[in-house]
Amino acid sequence: AESGLAFFSVSSSSLTSKWLGGAEKLVRALFSVATKRAPSAIFLDELDAILGKRGDSSEHEASRRLKNEFLIRLEECSNFTDPKQRVLFIGATNRPWDLDDALLRRLPRRILIPLPSEKARKAAINNFLNHPSKGVKHSLKDSEKIRLAKATHGFSVADLRALSQEAALLPLRALGDRVRSAGPRDVR
């Protein structure tokens, strides 16, 4: 809204079809609508799911045709010189090494967001535990949070969130069958 762009958030599954030629048609439609609504932005999460490396012997022809169509449409969009016709493509992946070389050539800017540092992991853990709307009760001391931040080297923030949610459920799981009759004081 701030940029004045029409924003298209697309998942890999919305660009696939069980019908022969259906996926290519969906890609053409996406880029056609984005061009008509330009200036616009297309965001594709998990880019590697549909635009992984080509040439694998197990790759299906429909997948190869989808990649080719996507690359053609992406190339067309990059040739617009009028700012009012521009279509910005943004892709996200956790596996940049699996992307097709032809796609990488069409993406002039790449931003690698590394895993969080120990300091950032500690801040994320603090945020999950002390968030005012969550109301999480815990007995972790600051030294234990530091130890936890060190022990979670290589974790992403999403991993830390999942870890925090799992830890929050442990007291309920410890109750076992008594969980239905337990009151707030029974939960550690």
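Which handedness does the β-α-β unit made by β1, α1 and β2 have? The unit is right-handed, meaning that, with the strands pointing away from the viewer, the path from the first strand over the helix to the second runs clockwise. Helices (H or I, at least four residues) and strands (E, at least two) are DSSP runs, numbered from the N terminus. This is a predicted model, in which local features need pLDDT of at least 70 and side-chain atom pairs count only at pLDDT 80 or more, while totals for chains, interfaces and linings use all residues. Residues are numbered from 1 along each chain as its sequence is written, and side-chain values use heavy atoms, with hydrogens and water left out.

Select β1 and β2 next: they pair in the parallel sense over five bridges (pairing requires that DSSP finds at least two bridges between two strands), and Phe7 stands opposite Ala41 in β2.

Now select residues 22–36, helix α1, where Gly22, Ala23, Glu24, Val27, Leu30, Phe31 and Ala34 are buried (under 20% relative accessible area, with exposed over 50% and partly exposed in between; 1.4 Å probe, protein chains only).

Arg28 lies in α1 and Glu69 in helix α2, so the pair ties together parts that are 41 residues apart in sequence. Arg28 is partly exposed, at 33% relative accessible area, whereas Glu69 is buried, at 10%.

Finally, select Arg73 and Glu76, whose side chains meet in a salt bridge at 3.1 Å, N to O.

Methods
The expected span of a helix is 1.5 Å times one less than its number of residues. A salt bridge is a side-chain nitrogen of Lys or Arg within 4 Å of a carboxyl oxygen of Asp or Glu.
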